[in-house]
Amino acid sequence: MFLGYQNNKIVLVADTKEKLENAPCIAFDKIVETDKNYFLHNGEYVMEIPGPTIEEKVRALENETGLTRAVRELVLAENSGVSDYVRAKAQEIEALANPLRGVPEVSAPAEPKKEEE
């Protein structure tokens, strides 16, 4: 893969140097060969498309489940009466969100506690 630069910014990518050299109406400052794959993302060439940030993941889970921070506080309170599934989902989101608040990530318990008979 070859990268065509203008003003220290990648403006065109091609699989051969000849394609860049023959690109109409574009004069490159330099053409560099690389073994990495580049993709056009938000108008810029990047090595790989970045995944969602932790904040975006938390926001998506909140929107999907309706478990905002305030609701999670209520759900995780002792004797809240919520189902084990809802409690586990709230714990999952909290574990993901903790690093954003400067708290070490704590994973949710593997299985919910069973009531003693």
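How many bridges join strand β1 to strand β2, and do the two strands run parallel or antiparallel?

Analyst: The model is a predicted one, and the description below should be read accordingly. Strand β1, residues 2–6, is joined to strand β2, residues 9–14, by 5 bridges, and the two strands run antiparallel. Two of the pairings can be named individually.

An open sheet of 3 strands has the order β2-β1-β3, with antiparallel pairing. Because β2 and β3 (30–33) stand at the edges, each with a single partner strand, one side of each has no neighbour in the sheet. From one strand to the next, the twist averages 30°. As a general point, strands of a sheet pair through backbone hydrogen bonds, either parallel or antiparallel.

As for the setting of this part, the protein contains 4 helices and 5 strands. Read from the N terminus, its elements follow the order β-β-α-β-β-β-α-α-α. The protein has 117 residues, of which 21% count as buried. Its accessible surface comes to about 8900 Å², and carbon and sulfur atoms contribute 50% of that area. Among contacts with a separation of 6 or more, 36% are between residues 24 or more positions apart.

How values were computed. Residues are numbered from 1 along each chain as its sequence is written. This is a predicted model: local features need pLDDT of at least 70, side-chain atom pairs count only at pLDDT 80 or more; totals for chains, interfaces and linings use all residues. Side-chain values use heavy atoms; hydrogens and water are left out. Two strands pair if DSSP finds at least two bridges between them. Axes are lines fitted to C-alpha atoms, for helices over the stretch in contact, and angles run from 0 to 180 degrees between N-to-C directions. Buried means under 20% relative accessible area, exposed over 50%, partly exposed in between (1.4 Å probe, protein chains only). Contact means heavy atoms within 4.5 Å. Accessible areas come from the Shrake-Rupley method with a 1.4 Å probe; for residues, only the protein chains shown count as cover.
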